[in-house]
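Q: Let us read this model together. Please show me the structure.

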Amino acid sequence: MTFPARPKTSMKANCFSESVIREMTRLASQYQAVNLAQGFPDFPCPEPLKEAAKQAIDTDINQYAITWGDKLFREALAKKAGRYLGMEINPETEITVTCGATEAMATAMLACVDPGDEVIVFEPYYENYGPDAILAGAIPRYVTLHPPQWTFDPDDLAAAFNSKTRAIIINTPHNPTGKVFNLEELSWIAELCQKWGVLAFTDEIYEHILYDGHEHIALASLPGMKDLTVTINGLSKTYSVTGWRIGTMIACPEITAGLRKVHDFLTVGAPAPLQRAGVTALNLPQSYYDELALSYAEKRQIMLSILDGAGIKYFKPQGAYYVFTDISEFGYKTDLEFTHFLVKDIGVAVVPGSSFFSRPELGYNNVRFCFSKTPQTLQAAQNRLSKLRETVRLSR
């Protein structure tokens with residue numbers, strides 16, 4: 001008697017696990033914990049965006065947009081890039097709108113990287129980058145960011161470039177550490193990219209969330225880098241609409257042609273009414289961005305005070321809305337043990353640091369806290385974390 005073969009998934013799918021970040025959100029729900037894990041705001045988006053989305057639906061913008069993006073949205077994005085990044089962009093040939101920045105990074109990999117190519121990734125890194133490289137058949141090559149300032153060794157970076165290198169990923173402001181790459185660092189990267197003819201995929205989703213005078217610089221704006229850079233961004237973080245899934249890619253026409261083909265066959269297009277509402281977002285006055293920065297500076301200070309009160313050491317972020325912490329003093333063998341204790345016994349969900357490293361043991365002493373939350377949510381987290389040390393002591 002013969003038996004049918006058991007169904008199985010591809011070798012690629014078996015090379016990585018599900019998202020640890022999204023798993024922690026599910027655990028937060030299961031244990032009714034305060035969710036400081038997944039990076040979404042739990043407060044409303046600006047009222048004008050809600051009204052713009054309603055109006056777009058009411059005026060029947062409910063069918064497919066042009067595959068590579070609503071014309072008015074692309075034009076608004078090009079104008080904003082000129083104002084904020086100092087870049088002159090042709091919205092007809094250099095912009096592609098995607099289903100979130102997540103799709104944008106996957107599209108860039110699939111469109112620009114061949115199997116066997118190497119992709120340089122700074123470590124720690126946002127968890128999607130490794131699977132993106134694997135799905136493209138690429139080989140990630142990791143370059144360490146060293147605490148406490150999360151700097152890289154220029155010699156280490158130079159050694160990572162070779163004839164097989166096809167791309168480098170730069171995330172600034174950086175998730176999970178909050179590092180903001182400065183002009184000197186970006187210039188080193190630019191020099192190496194031009195020397196080796198390597199593309200840069202820049203994830204700039206937190207571009208407006210900056211602290212202590214740190215400045216966001218788009219790598220594509222540096223001399224010689226516009227044709228070598230795919231600038232990835234989206235509405236999610238700046239405008240508190242993570243569920244809208246509107247991402248963007250800016251690249252030279254030759255690269256954009258490839259990006260648009262891959263994007264078309266992945267998702268066809270991003271939600272049409274929400275793209276149109278995005279025009280309103282991109283045209284918000286400078287005061288909106290000033291108030292956003294002040295609001296997040298206050299939230300950062302609250303989060304740091306909470307961590308101080310709980311006795312958790314941390315690395316002060318320069319940008320984005322996360323705090324990367326050092327939990328080594330609590331005596332847990334791994335970050336997973338600590339995070340599961342935290343969500344079950346304390347009632348606060350965070351992300352284990354190992355999910356941001358190529359080798360889990362490199363992150364055993366780290367967890368990430370998200371503070372894009374209301375004062376009420378942060379207060380609830382403070383109330384629970386104030387019991388952390390005593391609970392740890394009693395559990396031993």
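A: Start with strand pairing: two strands pair if DSSP finds at least two bridges between them. Helices (H or I, at least four residues) and strands (E, at least two) are DSSP runs, numbered from the N terminus. This is a predicted model, in which local features need pLDDT of at least 70, side-chain atom pairs count only at pLDDT 80 or more, and totals for chains, interfaces and linings use all residues. Residues are numbered from 1 along each chain as its sequence is written, and side-chain values use heavy atoms, with hydrogens and water left out.

Q: Which residue stands opposite Phe315?
A: Phe324, in β10, faces Phe315. Here β9 and β10 (residues 322-326) pair in the antiparallel sense, over three bridges.

Q: What is the strand order in the open sheet of four strands?
A: The order is β9-β10-β13-β12, and the pairing is antiparallel. β9 (313-315) and β12 (351-352) are the edge strands, each pairing on one side only.

Q: How many helices and strands does the protein chain have?
A: There are 13 helices and 13 strands. The radius of gyration is taken over C-alpha atoms, and the globule rule is 2.2 Å times the number of residues to the power 0.38. The protein chain has a radius of gyration of 21 Å, close to the 21 Å that the rule gives for 396 residues, so it is as compact as a globular protein of that length. Along the principal axes, its C-alpha atoms fill a box of roughly 65 × 60 × 55 Å.

Q: What share of the 396 residues counts as buried?
A: Buried means under 20% relative accessible area, exposed over 50%, partly exposed in between (1.4 Å probe, protein chains only). In the protein chain, 55% of the 396 residues count as buried.

Q: How should I read contacts between residues at least 6 apart in sequence: what percentage joins residues at least 24 apart?
A: Contact means heavy atoms within 4.5 Å. Among those contacts in the protein chain, 75% join residues at least 24 apart.

Q: Where does Pro44 lie, and is Pro44 buried or exposed?
A: Pro44 sits in the loop between β1 (34-35) and α2 (47-58). At 58% relative accessibility, Pro44 counts as exposed. Leaving aside neighbours within four places in sequence, Pro44 is in contact with Lys50 and Ser240. Glu291 is 247 residues from Pro44 along the chain, and their C-alpha atoms are separated by 15 Å.

Q: What is omega for the cis peptide bond that joins Pro147 and Pro148?
A: Omega is about 5° there. Pro148 is in the loop between β4 (139-144) and α6 (154-160). The peptide bond from Thr172 to Pro173 is also cis, with omega near -10°. Pro173 is placed in the loop between β5 (165-171) and α7.

Q: What is phi of Trp150, and is Trp150 buried or exposed?
A: Phi is near 60°, a positive value in a residue other than glycine. Trp150 lies in the loop between β4 and α6, and counts as buried at 5% relative accessibility. Asp60 has a positive phi too, near 65°. Its loop runs between α2 and α3 (71-85). At 60% relative accessibility, Asp60 counts as exposed.

Q: Where is Gly197 found?
A: Gly197 is in the loop between α7 (183-196) and β6 (199-203). At 38% relative accessibility, Gly197 counts as partly exposed. Gly197 and Thr107 are 90 residues apart in sequence and 20 Å apart in space, C-alpha to C-alpha.
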